Amino acid sequence: MPIPFFLTESEQKAILAASPKTTVTALLDKYVGKRRLQKKGLVSIDQLSPADVALIFRAAFVFKERYLKKSQTSKLALLGGKRIVNFFVEDSTRTRTSFELAARILGAEVVNVTGSTSSMAKKGETFEDTVRTIDHLLPDAIVIRDSRSGSLAFVASKTRSQIINAGDGLNEHPTQGLLDVYTIAEEFGSVRGRTVAIVGDILHSRVVGSQARLLHKLGAKIRFVGPATLMPVGAEKVFGAKVFTSLEKGIAGADVVSLLRIQLERAAAAFIPSVSDYAAQYCLTPARLKFAAPHAIVLHPGPINRDIDISHAVMESAQSRVEEQVTNGLAVRMGVLYLLLH
Ligand code: NCD
């Protein structure tokens, strides 16, 4: 197993080899220590230093390798007495389930509110008033997904609870960026100097907002690949990225091919001739993947659209890390909740 940049080889071996009697708490005390994130929620990757990211990854490694893989099964009470509300105005499978599982495994009380089950849907209460109401139930954190870019930074300045961004419109999705980069670090040891080709709907993707910010912070080489109409103006000036409209050229020699879904619910259809035309040029097939480095891995935040953004064969291939990303999402969210709330 390659050595993640956030743990030395001997630290990693020691964590994996610790006796089953060594508790997760003892491992966290030893390998994460007393340092925590600033207790100001997590709305943007910009709030994190590289040292913060390494801390999150150290905690995630302990949780993944020593708890989720069932070396230990006794319940963790690390967030006993803490209250977390998940407020998802936009639908979600992976993110909401993993935030909820993460919080429950850590021993917190969790309540779920969705747009359609809140008074927003039929009674006209606004998003801001709904968040203020939830805030006055005195939770420790509110995990929010909303369709409007920037809405979370706006409410975070007004709440006493910590606000954790689970995706705001086209803007950011910080825990997704963290789990993507954790998956890369797990594979290659370090992301510094690695070439990551981000392919697809760059214009409408909040995943890019966090993934590219984080890759840039950690010294990766970023390429944006996709139709010119889905490329933000000035994309090449951001994050030192190189822009490609040809998939084959854009992924040539890349260590990581990071795919994105076409965001049809954000009007992406108006930016491409048709979904099948898009797939004809940009769907990652085994033949196209051969242009990337032989050791390249393939990421996708999900939900995948089989044979549109990723071919069935690539999804099922040994190079796909798409399902490992889901597991890593649980470990990373446990790390974030622990470091913000413990
Ligand atoms: C993404 C999202 O909703 O931002 N999915 C996710 O959280 N795993 C990406 C997408 O919807 O395409």
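## The loop between strand 9 and helix 13

In this predicted model, Asp-307 lies in the loop between strand 9 and helix 13, and although Asp-307 is not a glycine, its phi is positive, at about 65 degrees. Asp-307 is partly exposed, with a relative accessible area of 45%.

Pro-303 also belongs to the loop that runs between strand 9 (297–299) and helix 13 (312–315), and the peptide bond joining Gly-302 to Pro-303 is cis, with an omega of about -5 degrees. Both Gly-302 and Pro-303 are among the residues that surround the ligand.

## The ligand and its shell

The ligand sits in the largest pocket, where the residues around it include Arg-94, Thr-95, Arg-145, Arg-206, Val-207, Arg-261 and Pro-301. Helix 4 (94–105) and helix 9 (206–217) each contribute at least two residues to this shell, which by class consists of three nonpolar, five polar and four charged residues.

Taken alone, the ligand exposes 320 Å², of which the protein buries 94%.

## A positive phi at Ala-267

Ala-267, which is not a glycine, has a positive phi of about 65 degrees, and its place is in the loop between strand 8 (256–259) and helix 11 (275–282). With a relative accessible area of 43%, Ala-267 is partly exposed.

Note on methods
Residues are numbered from 1 along each chain as its sequence is written. This is a predicted model: local features need pLDDT of at least 70, side-chain atom pairs count only at pLDDT 80 or more; totals for chains, interfaces and linings use all residues. Side-chain values use heavy atoms; hydrogens and water are left out. A residue is near a molecule or strand if one of its heavy atoms lies within 4 Å of it. Accessible areas come from the Shrake-Rupley method with a 1.4 Å probe; for residues, only the protein chains shown count as cover. On a 1 Å grid over the protein atoms alone, a cavity is a set of points where a 1.4 Å probe fits but cannot get out, and a pocket is an open set with protein on both sides within 12 Å along at least five of seven lines; lining residues have an atom within 4 Å of a point. A molecule sits in a cavity or pocket if more than half of its atoms lie within 2 Å of its grid points. Helices (H or I, at least four residues) and strands (E, at least two) are DSSP runs, numbered from the N terminus. Ala, Val, Leu, Ile, Met, Phe, Trp, Tyr, Cys and Pro count as nonpolar, Asp, Glu, Lys and Arg as charged, and the others, Gly among them, as polar. Buried means under 20% relative accessible area, exposed over 50%, partly exposed in between (1.4 Å probe, protein chains only).
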